[in-house]
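This briefing goes with the sequence and structure shown below. Please keep both in view while reading the points that follow.

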Amino acid sequence: MRKTPFHNVFAALSVLAAAALVTAPAAAAETTRPVIVELFTSQGCSSCPPADAYLRDLTRKQGVLPLSFNVDYWDYLGWRDTLASPDNTARQRAYGRALGLSGVYTPQMVVDGNAEGIGSNRRKIDALIAARTPAANDVAMSLEEEYGRLTVSIAAGPAPEKPATIWLIRYETSRTVEIERGENRGKTITYANVVRGVAPIGMWDGRKMRIMLPEEDVMPDKNARCVVLLQANGPGRILAAAEPDMQPNE
């Protein structure tokens with residue numbers, strides 16, 4: 001697996017998180033958060049462009065944060081996905097196991113970590129989103145930008161049966177790709193909210209905690225965005241989500 005600066009920086013952050021468990025102040029209470037919609041897609045899948053278009057539309061939907069995870073298991077069909085990551089594929093396979101599916105497929109959308117459907121089936125996905133809107137954080141969590149660093153604060157809460165994972169996801173708002181070979185040969189597709197890094201940065205066991213991240217490594221360019229998810233072990237239901245104030249859902 002290729003190691004990126006993002007991957008290397010956050011490999012060591014769990015140690016910092018453990019040190020911050022007891023001394024961190026509680027996060028400010030939040031009543032609502034965006035519904036998280038994850039699309040698993042591939043440039044080598046002819047069924048994916050309608051789902052990619054739907055995800056672009058979801059970026060304009062109030063109260064929704066859609067994320068595009070390009071996977072690599074269709075590369076053998078003749079086109080190597082330029083945005084794919086083994087980490088994205090691993091995340092989708094973990095969802096498949098947690099949701100009791102016989103396998104994974106594209107395009108697949110997972111809504112708030114515990115419901116899924118075909119990514120081009122707008123009626124079904126819209127219904128799953130509507131069932132969770134407005135979404136609410138189970139645990140108060142905030143993400144603040146100050147003095148060149150991002151600070152994740154999580155309040156104390158009922159201890160989960162298994163520690164929940166804190167995920168940092170970095171993404172680009174838009175990327176246009178000309179596909180030269182494979183099932184989508186000759187097409188030019190614009191991908192929205194393209195995930196470029198996903199890493200666990202700590203575990204939450206019910207105690208309040210704070211994690212500080214170097215902003216220059218999380219968001220190295222002006223087109224970078226990030227979101228932090230607190231997710232039940234599995235992966236399972238998303239318990240909380242937070243974005244910096246400087247990153248509105250446009």
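Among contacts in the chain between residues at least 6 apart in sequence, what percentage join residues at least 24 apart? The share is 73%. The model is a predicted one. Its chain has 250 residues, and 51% of them count as buried.

**Overall make-up**

- Six helices and 11 strands make up the secondary structure of the chain.
- The chain exposes about 11500 Å², with carbon and sulfur atoms supplying 51% of that area.

**Cysteines**

- Zero disulfides turn up in a search of the whole structure.
- For Cys 45, the closest cysteine sulfur belongs to Cys 48 and lies 3.0 Å away, which is too far for a bond because a disulfide requires sulfur atoms within 2.5 Å.
- Cys 45 is buried at a relative accessible area of 7%.
- Cys 226 is also buried, and its relative accessible area is 0%.

**Backbone exceptions**

- As background, most peptide bonds are trans, and most residues other than glycine have a negative phi.
- Thr 133 and Pro 134 are joined by a cis peptide bond with omega of about -5°.
- Pro 134 sits in the loop between α5 (122-130) and β5 (141-146).
- A cis bond also runs from Gly 234 to Pro 235, where omega is near 0°.
- The loop holding Pro 235 lies between β10 (224-231) and β11 (238-242).
- Asn 193 has a positive phi, near 50°, although the residue is not glycine.
- Asn 193 belongs to strand β8 (residues 188-204) and is buried, with a relative accessible area of 6%.
- Asp 112 likewise is a non-glycine residue with a positive phi, in this case near 55°.
- Asp 112 is placed in the loop between β3 (108-111) and β4 (115-118), and a relative accessible area of 4% makes Asp 112 buried.

**Salt bridges**

- The count of salt bridges comes to nine.
- Asp 112, noted above for its positive phi, forms one of them with Arg 33, the closest N and O atoms being 3.1 Å apart.
- Arg 33 lies in the loop between α2 (13-19) and β1 (35-41) and Asp 112 in the loop between β3 and β4, so this pair ties together parts 79 residues apart in sequence.
- Both partners are buried: Arg 33 has 8% relative accessibility, and Asp 112 has 4%.
- Asp 57 and Arg 122 form another salt bridge through their side chains, at 2.9 Å from N to O.
- That pair links distant parts of the chain, with Asp 57 in helix α3 (residues 49-58) and Arg 122 in helix α5, 65 residues apart.
- Asp 57 is partly exposed at a relative accessible area of 31%, and Arg 122 is partly exposed at 35%.
- In a further salt bridge, Glu 172 pairs with Arg 196, and their closest N and O atoms are 3.2 Å apart.
- Here strand β7 (residues 164-178) supplies Glu 172 and strand β8 supplies Arg 196, linking distant parts of the chain 24 residues apart.
- Glu 172 counts as buried at 11% relative accessibility, whereas Arg 196 is partly exposed with a relative accessible area of 29%.

Terms used:
Residues are numbered from 1 along each chain as its sequence is written. This is a predicted model: local features need pLDDT of at least 70, side-chain atom pairs count only at pLDDT 80 or more; totals for chains, interfaces and linings use all residues. Side-chain values use heavy atoms; hydrogens and water are left out. Helices (H or I, at least four residues) and strands (E, at least two) are DSSP runs, numbered from the N terminus. Buried means under 20% relative accessible area, exposed over 50%, partly exposed in between (1.4 Å probe, protein chains only). Contact means heavy atoms within 4.5 Å. Accessible areas come from the Shrake-Rupley method with a 1.4 Å probe; for residues, only the protein chains shown count as cover. A salt bridge is a side-chain nitrogen of Lys or Arg within 4 Å of a carboxyl oxygen of Asp or Glu.
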